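Here is a short report for a reader new to this structure. It starts with one term, then goes from the whole chain to single residues.

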Amino acid sequence: MHPHLARLRRRLRTACAEAGVPVEDRARLVMAATLLAEPAFATGAEVMLETSTTDGLLAVVVRLPHPVGHPRRNTLPLLPDAEDGTSLTWHLPTGTAEHPAPADEDQATDEETLALIARADALAQEQRELKHELAETNSGVLAMYIELEQRDERLRRAHSVIFRELEDALRPGPPPVPGLELAVHYSPTDQDSPTGGDLYDWFVLPGGQLHITLVDAVGHGVTSTRHALTVTHAIRTLALEGHPFRDLIARTAHTLATIEPDLMATVILARIDPATGELTLANGSHPAPVLATVDGEARLLPSPVVGRGIGFPDPGSPELRHDTLGPGDTLLLYTDGLVESRKDYLEGQDRLLDLVPAYAALPITELPRELAARMHDVVLHADDTVVLAVRRPLPGAGRGEESGRALLL
């Protein structure tokens, strides 16, 4: 994110917090200002921000280098006052209680993301209820129904902008890790909604190791998304605090038992040393890894002792799996949606074992998407699918060159 854009977002959140603006309104304001300011900052232009509070309203003015017309203004998730030009103004009602935003950008974005998801679902439910009521009235309400359809179309256009922002917030891009190449592919059950319980997190520990968390929370929609985010955040916090790797799943389950008693999720954790390729896996009820080599071998890598996921009896990973990623190896982590499209998990696992050796040498950016497309050639059971790829390049290999073998989780 551009540093000027990050400062702009922080200033907006601070102003909203001091004025007691609810999280939902803050989220829409931050997103609208981001959509307007990001192109300007990308070209090196200057964007001015002014805020003030009077008569129970927070006034926010964004001054841009180029005018913003009605078509562009009407696509924003929070509409400014009816005006064109280089200055756009929003007036938001203040509250009596402060709603401080987290200092961390990712945490603040996640909080705003969940607020926008809840708003989108509430609007969709409201529209369904209104349409049902209108269908039972007489023909004299037809004009109101037409107007509602027009409003629905405007909302769909606005939601498309929101969903793109949600995708970026819920599913972060690869972190830079010297000595490793990373890529990700996500296939939602519903192409019109980014919500779901298949989420991931990857970050570099202070010692230089890459940590990966992949979660598949039970359920659908906003609740499963919230549960999956809760798990990834808890594991990240515990990992950065230095808790033993083998205890992370069990400790997370214990921590969340009283906070989210209905939460159930499978979890797989991977820890990779980029310098040596040393790989450690902790599995809690998640699909077993697969190792594919350039000589055509493909085999499962189950845990020595089967672990249990969060919300299951006796959660945790009793024993870890240790392996080594050699030069050219590729690690792929996936959720069960990849192997259950034909309603037969074992059949899907066998197909995956057959497919991986043939496609393991693809460029890292193409491999996750290509595997998902091949595995989903016949879909009898649709489910969210995440495929993560981590490759340890061959010595001296350039970007996009073939690497060798693949490890699938």
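Predicted model: local features only at pLDDT ≥ 70, side-chain atom pairs only at ≥ 80, totals over all residues.

## A term to start with

Two strands pair if DSSP finds at least two bridges between them. The strands themselves are DSSP runs, numbered from the N terminus.

## The whole chain

The chain holds nine helices and 14 strands. It has 409 residues, and 48% of them count as buried.

How much of the contact total comes from residues 24 or more positions apart? Among contacts with a separation of 6 or more, such residues account for 70%.

## The first helix

Helix α1 covers residues 3-19, which makes 17 residues. From first C-alpha to last, α1 reaches 25 Å. That is close to the 24 Å expected at 1.5 Å a residue.

Several residues of α1 are buried, including Leu5, Leu8, Leu12 and Cys16. Two arginines, Arg9 and Arg13, are among the buried residues too. An α-helix has 3.6 residues a turn, so residues three or four places apart point the same way. Just after α1 comes Gly20, with a positive phi of about 70 degrees.

Strands of a sheet pair through backbone hydrogen bonds, either parallel or antiparallel. Here, three strands make an open sheet in the order β1-β2-β3, with antiparallel pairing. β1 (48-54) and β3 (85-93) are the edge strands, and each pairs on one side only. From one strand to the next, the twist averages 20 degrees.

Two helices pack on this sheet. α1 touches β1 and β2, and its direction makes about 0 degrees with that of β1. Helix α2 (residues 23-42) touches β2 and β3. The direction of α2 makes about 170 degrees with that of β3.

Strand β2 (residues 57-68) pairs with β3 in the antiparallel sense, over eight bridges. Ser87 lies in β3, and Arg63 stands opposite Ser87. The side chains of Ser87 and Arg63 are also joined by a polar contact of 2.8 Å.

Which residues does Ser87 touch, leaving out those up to four places away in sequence? They are Val61, Val62 and Arg63. Val61 and Ser87 are 26 residues apart along the chain, yet their C-alpha atoms are separated by 6.6 Å.

## Around strand β6

Strand β6 (residues 210-217) is mostly covered: eight of its eight residues are buried. Leu210, Ile212, Leu214 and Asp216 point one way from β6. His211, Thr213, Val215 and Ala217 point the other way.

Strand β5 (residues 198-204) runs antiparallel to β6, and seven bridges join the two. Val204 stands opposite Leu210 in β6. The hairpin of β5 and β6 has five residues between the strands, and Gly208 in this hairpin takes a positive phi near 100 degrees. β6 and strand β7 (residues 265-272) also pair in the antiparallel sense, over eight bridges.

## One aromatic pair

A pair of aromatic rings is described by the distance of the centres and the angle of the planes. The count in this model comes to one aromatic pair. Tyr200 and Trp202 form it, at 5.5 Å centre to centre and 80 degrees between the planes. The pair is edge-to-face, because planes over 60 degrees apart count as such.

Are these two residues buried or exposed? Tyr200 is buried, because its relative accessible area of 4% is under 20%. Trp202 counts as buried as well, at 3%.

Asp55 lies in the loop between β1 and β2. Its phi is near 50 degrees, a positive value in a residue other than glycine. Asp55 counts as exposed, because its 79% relative accessibility is over 50%. Asp314 is found in the loop between β10 (298-300) and β11. Phi of Asp314 is near 50 degrees, again positive in a residue other than glycine. Asp314 is exposed, with a relative accessible area of 69%.

Asp329 sits in the loop between β11 (321-324) and β12 (330-334). Asp329 counts as buried, at 2% relative accessibility. A polar atom of the Asp329 side chain lies 2.6 Å from the backbone nitrogen of Gly326.

Conventions: Residues numbered from 1 in each chain as written. Heavy atoms only, no water. Helix = DSSP H or I, 4+ residues; strand = E, 2+ residues; numbered from the N terminus. Expected span 1.5 Å × (residues − 1). Buried < 20%, exposed > 50% of the residue type's maximum accessible area, 1.4 Å probe, protein only. Polar contact = N/O pair within 3.5 Å; in protein donor to acceptor, adjacent residues only side chain to side chain. Axes fitted to C-alpha atoms, helices over the stretch in contact; angles between N-to-C directions. Contact = heavy atoms within 4.5 Å. Phe/Tyr/Trp six-rings, centres within 6.5 Å; stacked < 30°, edge-to-face > 60°.
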